[in-house]
Amino acid sequence: MLQAALKSGKAHRKGVFEVFSRTLAGGRRFGVFAGTGRLLELIKQFRFSKDEIDWLLGENIIDQSTAAWLADYKFSGDIHGYAEGEIYFPYSPVLIVEASFAEAVILETLILSVLNYDSAVASAAARMVTAAGSRPVSEMGSRRTGESSAVAAARAAYIAGFSATSNLEAGRSFGIKTMGTASHAFTLLHDSETQAFAAQLEAFGENTTFLVDTYNIEAGIENAISVAGTNLGGVRIDSGDLPIEVAKARALLDKLGAHETKITVTNDLDEFAIASLAAAPVDAYGVGTSVVTGSGVPAAGFVYKMVAFQDESGQWHEVSKQSAKKTNLGGKKQAVRSHENNTATAELISASNPKLATGDRALLVDLVIQGQIQNGLVGQAGVEAARSHHARVKAALPASAHRLTKGEPAIPTKFV
């Protein structure tokens, strides 16, 4: 597209591209927008090296004029969008890129790959946090996704309300609290379960968490308390019929005098499994595969569409795709969320500048201006800001938004 547009002379027309999703995948009630901070850092770094350009030329993918353009590429346009951690609905313009067609179109795959994955993870994580209520949920899914995706998933889950991650790189890069327990291999390495527990206790102290289901859960708990005493920080259960096993574990811990010892459960949890444990004496959850794969929705369904361009005379033209079931509203958008009594009631999308009514909240913020990333959006500061913003806006959703069953979006999207 870039090469053909350079040849046609239209590559330098200023355009407006928009990221949105036509539906909420999986029949969910809302989505969580995540990945902005990562994306902005990647756009800042997005360059074409000599080796890369030489390969493109050698494979006859581009010509010399396109190679020259790529050699000088650096994004210099504007990007606006929803704040990271924001709730979104069908057709919410979560990201708006304003730049020449050439500068904007070359970013399509980068933008969609980051936002589709991170938002899918954050949307799933938000449902798990809802199901867990006041109990903490930790992300433990690094072994179930790619090595780079693991860090992105930990970041997205934390923004959506997870309390910690087992991924140390996510902790190093974004300041997320890290946690973990020993695996069954550690217990099996030792000559007995008590020997394994004693080694872990010596290394980490009594606030550690023992994995007690390598052999037999009840025997494991008895061994744990015999080694560490009644001040043991916690036990983890990773198998069995969890509601039954957790109840038995709590009763045994209390019988042994370990009233403050916490019970963490893992074992292929998702939002539905977490909800089924609401009445069980669980203290914390660890979620792996489900959260890093979007709990059955591995991509948010975002698309990247041109909605306007400026011709050589300076006149703007609104454009939109008109294919059956894939239409969208042309023109640069404004987005507003209306509220009544501090509860969200509608997503208002307009190609003009709507007047804000009482309770309305404008949703678009500046992310990049003339190629410069705005302050506070990346790194640890960006993650913490996104997490706080998410908690605030999620609290303003109507009660129906928190149902785990499939249904209509929690609030309607209205074009005004």
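**Salt bridges, a helix and open space**

Colleague: Is lysine 7 buried or exposed?
Modeller: Buried means under 20% relative accessible area, exposed over 50%, and partly exposed in between (1.4 Å probe, protein chains only). Because its relative accessibility is 60%, lysine 7 counts as exposed.

Colleague: Which pLDDT do side-chain atom pairs need in order to count?
Modeller: Residues are numbered from 1 along each chain as its sequence is written, and side-chain values use heavy atoms, with hydrogens and water left out. This is a predicted model, in which local features need pLDDT of at least 70, totals for chains, interfaces and linings use all residues, and side-chain atom pairs count only at pLDDT 80 or more.

Colleague: Which residue forms a salt bridge with lysine 7?
Modeller: Side chains of opposite charge can pair when their charged atoms come close. The criterion for a salt bridge is a side-chain nitrogen of Lys or Arg within 4 Å of a carboxyl oxygen of Asp or Glu. For lysine 7 the closest N and O atoms are 3.2 Å apart, and the partner is aspartate 63.

Colleague: How many residues apart in sequence are the parts that this pair ties together?
Modeller: Helices (H or I, at least four residues) and strands (E, at least two) are DSSP runs, numbered from the N terminus. Lysine 7 belongs to helix H1 and aspartate 63 to the loop between helix H3 and helix H4, so the parts tied together are 56 residues apart.

Colleague: Is glutamate 98 buried or exposed?
Modeller: Glutamate 98 meets lysine 332 in a salt bridge with an N to O distance of 2.7 Å. That pair links strand E5 to the loop between strands E13 and E14, 234 residues apart. Lysine 332 is partly exposed at 35%. Because its relative accessibility is 8%, glutamate 98 counts as buried.

Colleague: How many of the 13 residues of H7 are buried?
Modeller: H7 is largely enclosed by the rest of the structure, because its number of buried residues is 10.

Colleague: What is the relative accessibility of phenylalanine 162?
Modeller: Phenylalanine 162 sits in the loop between helix H7 and strand E7. Its contacts (heavy atoms within 4.5 Å), not counting residues up to four places away in sequence, include Met128, Val137, Val291 and Arg387. Phenylalanine 162 counts as buried because its relative accessibility is 1%.

Colleague: What volume does the largest cavity have?
Modeller: On a 1 Å grid over the protein atoms alone, a cavity is a set of points where a 1.4 Å probe fits but cannot get out, a pocket is an open set with protein on both sides within 12 Å along at least five of seven lines, and lining residues have an atom within 4 Å of a point. Grid points are joined across faces, edges and corners, and a volume is the space filled by probe spheres set on the points. The structure holds 2 cavities of 30 Å³ or more. The largest, with Leu24, Phe30 and Tyr88 among its lining residues, holds about 80 Å³.

Colleague: How many residues line the largest pocket?
Modeller: The largest pocket holds about 590 Å³. Arg236 and Asp238 are among the residues nearest its centre, and they meet in a salt bridge at 3.8 Å, N to O. The number of residues lining this pocket is 22.
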